[in-house]
Amino acid sequence: MENLKPIKRSPMRIYLGKKYYRSKRYFDWFFGNRRFSLKKEDIPMRHLVFTHQTLLLRELKDVDMWLQHNKVKNLKIATQNLNKVIIRPGETFSYWRLLGNTTKSKGYVDGMILHYGKVTTGVGGGLCQLSNLIYWMTLHTPLTITERYRHSYDVFPDSKRSQPFGSGATCAYNYLDLQIKNETNKTYQLVVYLNDTHLVGEWRSESPPIHTYEVYEREHLITREYWGGYVRHNRIHRKIFNNDKIQIDDEFITENHAIMMYEPLLEQQTEKEKVFS
């Protein structure tokens, strides 16, 4: 099992690292051999493949609500750039290729970001909610995820969590990207928008889906590390069913390892202390 002990890096090392990896990404975008999806179709495609929605405003421990409201502003801008983009056969969807940098000149504002395990603020913060949504929806389609980065830190306890731990995709312009390739013979369309309470996403297609998917976790555990922290682990799998609801496959998707930013079982321990006090 890999060692996740946090590594302290100097501000200069972080700055130079970003410059290097961003340059590599730009080179790949403009001189690589992949065809990226860049076009949109105004009319939503006829057939819904999968849909999901996530709550916009959540009260998080030690996080000011103004950051949540700013996140909503950032999501409104980002969804406008991604909404109704199509992925033709052979094309690759790149989250950051379509969004571009999240600058103030584009209307982005300060939102919550996670920087080396610490909750802080930054322009365009909060967009991981969008990349998480797209990744989760894509796991329920035949599209192929060719690049995805797991969250290195598990920041908040499982309060009302409905999806398995580790079923999201972290993002940072532009070196931590989410890329999805259409290796089918059908065209797909991403629809994303905000209503009054939720971020809503859909994958749509020109023809009805022939499979459905059930995403689940295996081998979930928490380990106490030699350096004093806790690390959470699991493996993500998905079951594939045909239109007769008969299971035809069970695929391994990815494994996750994340440093926990909170004490595991803290509430349960507190209740025990009450019982024996």
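The questions and answers below concern a predicted model.

Q: What is the order of the strands in the open sheet of four strands, and which are the edge strands?
A: The pairing in this open sheet is mixed, and the order of its four strands is S8-S14-S13-S12. An edge strand pairs on one side only, and this holds for strand S8 (153-154) and strand S12 (211-224). The edge strands are therefore S8 and S12.

Q: How many bridges join strand S13 to strand S14?
A: Strand S13 covers residues 230-242 and strand S14 covers residues 247-260. Across the pair, His233 has His257 of S14 opposite. The two strands run antiparallel, and the number of bridges that join them is 11.

Q: Which element gives the most residues to the lining of the second largest pocket?
A: The second largest pocket holds about 210 Å³ of space. Two or more lining residues come from each of helix H4 (128-138), strand S7 (144-147) and S14. With four residues, the element that gives the most is S14.

Q: Of the residues that line the second largest pocket, which lie nearest its centre?
A: The lining has 13 residues. By class, six of them are nonpolar, four are polar and three are charged. Those nearest the centre are Tyr135, Leu139, Thr144, Ile145 and Ile253.

Q: Is Thr92 buried or exposed?
A: Thr92 sits in strand S4, residues 91-94. Beyond its neighbours within four places in sequence, Thr92 is in contact with Arg34, Arg35, Phe36, Ser37, Gln179, Ile180 and Lys181. Its relative accessible area is 2%, and the cut-off for buried is under 20%. Thr92 is therefore buried.

Q: Why is strand S10 described as largely enclosed by the rest of the structure?
A: Strand S10 covers residues 188-194. It is largely enclosed because, of its seven residues, the number buried is six.

Q: Which residue of S10 is the bridge partner of Ile86?
A: Strand S3 (residues 85-87) pairs with S10 over three bridges. The sense of this pairing is antiparallel. The partner of Ile86 in S10 is Gln189.

Q: How many residues lie between S10 and S11 in their hairpin?
A: S10 and strand S11 (residues 198-205) run antiparallel and are joined by seven bridges. Within this pairing, Leu194 stands opposite Leu199 in S11. The two strands form a hairpin, and the number of residues between them is three.

Q: What is the geometry of the ring pair of Tyr26 and Trp29?
A: Both residues lie in helix H1 (residues 11-31), three residues apart, which is about one turn of the helix. The ring centres are 5.7 Å apart and the planes stand at 75°. Planes over 60 degrees apart count as edge-to-face, so the pair is edge-to-face.

Q: How far apart are the ring centres of Tyr95 and Trp96?
A: Tyr95 and Trp96 are both buried. Their ring planes stand at 75°, so the pair is edge-to-face. The distance between the ring centres is 5.1 Å.

Q: Which residues do ring pairs link into a cluster with Tyr95 and Trp96?
A: A pair of aromatic rings is described by the distance of the centres and the angle of the planes. Linked with Tyr95 and Trp96 by ring pairs are Tyr26, Trp29, Phe30 and Tyr173.

Methods. Residues numbered from 1 in each chain as written. Predicted model: local features only at pLDDT ≥ 70, side-chain atom pairs only at ≥ 80, totals over all residues. Heavy atoms only, no water. 1 Å grid on protein atoms, 1.4 Å probe; cavity = no way out; pocket = protein on both sides within 12 Å on 5 of 7 lines; lining within 4 Å. Points joined across faces, edges and corners; volume = space filled by probe spheres on them. Nonpolar A, V, L, I, M, F, W, Y, C, P; charged D, E, K, R; others polar. Buried < 20%, exposed > 50% of the residue type's maximum accessible area, 1.4 Å probe, protein only. Contact = heavy atoms within 4.5 Å. Phe/Tyr/Trp six-rings, centres within 6.5 Å; stacked < 30°, edge-to-face > 60°.
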